[in-house]
Amino acid sequence: WPISASVVHERLQIASCDLAALAAEYGTPLYLLDAETIRTIAMRYSAALRHAYGSNVSIHYASKALLNVGVARLVHSLGLGLDVVSGGELAIAQRAGMPLDHVHLHGNGTPPAELAQAVEAGIGRIVVDNLDQLKWLADYCAKRPTPQTILLRIAPDVTAGAHAHIRTGAASAKFGMPLDDGTAAEAVRLALQAPGLNLVGLHAHIGSQMRDWAALREMIGRLLAFADQQRRERSWLLTEFSPGGGLAVAYMPNEQAGDIETYANTIANAVRLGCERYQIPLPRLIIEPGRSLVARAGVALYSVTGHKTVVGGSDYLHIDGGMGDNLRPSLYNAQYTAALVARPCAPPIAPVQLAGRFCESGDVLIREVALPAAEVGELVAVPVAGAYTLSMASAYNGVPRPALVLLDRGQAMLIQRRETYADLMARDI
Ligand code: LLP
């Protein structure tokens, strides 16, 4: 649950806001975001990194986890930069007033028009994924007055992460340039030849939902060994280094989140060790947390719309949302828990299945959750719902996407309104 969640008079509150009152005002499904949780986690990241590595660090929020103008403004106000993976995310960052030198662009299949959009907007860094992207940028930027600063995304052949779909570090993964077959070395050679490009560093992201410190150390060691080789062969000096994001969060009561301080220490020590070994000056360290910054801050509120009794299985509790607003259970078998807003601590009866409303048998938001007997109309709250939910939402079945309300110290601010039927038809000609 969010840091500011509490139970007052048997009812669930977040940031001293009454959830039933919010549902009455904004309708359900409704997504809530606790500013205090995001602030606290951002401060922990910042303090832990500074303690472990010094001040030459940047934290870039991986905005694919959850992005809209309000969220971009919030993370900017906390001193964070932003990672974007498309021209669309970049446009949102611009609308939010995010300084573009604090924005980095990633992506393996980014269309040239979006690369150009980023360059023209004055984006701080482009993390180049592959040789074709590099060649295109070298050509495009050759005609420009100022060089574009870039990092190279390396496929270090080290994997970590909880599900095959979110493991990204293998040499065979679609992301990044492998070390062993010479692709990464070729990229350094081409980048150094390109007058329009300024190659400052290396990047890798080995997976999401990750707590594998050994894999992190291994990846950092491989990248620094490569940096050393490139310095010896081409006199190129690494001045920025990004080990990506990926720290795990706990979705279920029996799971353990990755510890921020251990994560920061692991990265800092591995970078120091590698740099001492190869006599490289310490580079600027950039991390890209997405999920771990916003997942716990988010709570999804649904209304119970009905029941179905199942002979020889768990009964269904129908709710008014599901895979349209949270695709993760159907896509990754992701697990969530839930509580009744008005009776969060009441003793549960037999476990139920929380059935999404969408026309797919696979749309079961939670396969098994112990809840008290819930009435039609009651509110169900699903915690740890801030990351990769709304950002992956669709209007499947013509169900408008939910609203998002930011909660902060007793204040509720609507930062993204619910989609309307008019929105659903806005593009139809
Ligand atoms: N940096 C890069 C280059 C990434 O590709 C990602 C996530 C991140 C940072 C942030 O990782 P995080 O800290 O959020 O784990 N939709 C999936 C997760 C996809 C992650 C994609 N890349 C899910 O719902 O689990």
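Okay, let's start at Leu 354. Leaving aside residues up to four places away in sequence, Leu 354 touches Leu 317, Ile 319, Ala 338, Val 364, Leu 365, Ile 366, Val 369 and Val 380. Before I go on, remember that this is a predicted model.

So where does Leu 354 belong? It's part of the largest nonpolar core, which has 130 residues. Leu 354 is among the members that touch the most other members, along with Leu 32, Leu 152, Leu 301, Ala 338, Val 380 and Ala 381. Which helix gives the most to this core? That's α2, residues 35–53, with nine residues. And the core lies between domain 1 and domain 2, because both of them give residues to it. As general background, nonpolar side chains in soluble globular proteins tend to be buried together.

Now the domains themselves. Domain 1 is made of two stretches, 5–34 + 297–425, and domain 2 runs 56–292. Their C-alpha centres lie 33 Å apart. How many residues does each domain put into the contact? Domain 1 puts in 15 and domain 2 puts in 14. On the domain 1 side, strands β20 (403–408) and β21 (411–416) each supply at least two residues. What's the make-up of that side of domain 1? You get ten nonpolar residues, five polar and no charged.

Next up, a helix pair. From α4 you have Gly 87, Leu 90 and Gln 94, and they meet Glu 114, Gln 117, Ala 118 and Ala 121 of α5. Sorted by class, that contact has three nonpolar residues, three polar and one charged.

Last stop, Ala 96. You'll find Ala 96 in the loop between α4 (87–95) and β7 (103–105). Is Ala 96 buried, exposed or partly exposed? It has 19 C-beta neighbours inside 10 Å, and buried takes 20 or more, so Ala 96 counts as partly exposed. Again skipping residues up to four places away in sequence, Ala 96 touches Val 69, Ala 72, Arg 73 and His 76. And if you're wondering about Pro 372, it sits 276 residues from Ala 96 in sequence and 42 Å from it in space, C-alpha to C-alpha.

That's me done, thanks.

Methods: Residues are numbered from 1 along each chain as its sequence is written. This is a predicted model: local features need pLDDT of at least 70, side-chain atom pairs count only at pLDDT 80 or more; totals for chains, interfaces and linings use all residues. Helices (H or I, at least four residues) and strands (E, at least two) are DSSP runs, numbered from the N terminus. A residue is buried if 20 or more other C-beta atoms lie within 10 Å of its own, exposed if 12 or fewer, and partly exposed in between; C-beta atoms are placed from the backbone. Two residues are in contact if their C-beta atoms, placed from the backbone, lie within 7 Å. Ala, Val, Leu, Ile, Met, Phe, Trp, Tyr, Cys and Pro count as nonpolar, Asp, Glu, Lys and Arg as charged, and the others, Gly among them, as polar. A nonpolar core is a set of buried Ala, Val, Leu, Ile, Met, Phe, Trp, Tyr and Cys residues joined through C-beta atoms within 7 Å. Domain bounds come from an automatic or database domain assignment.
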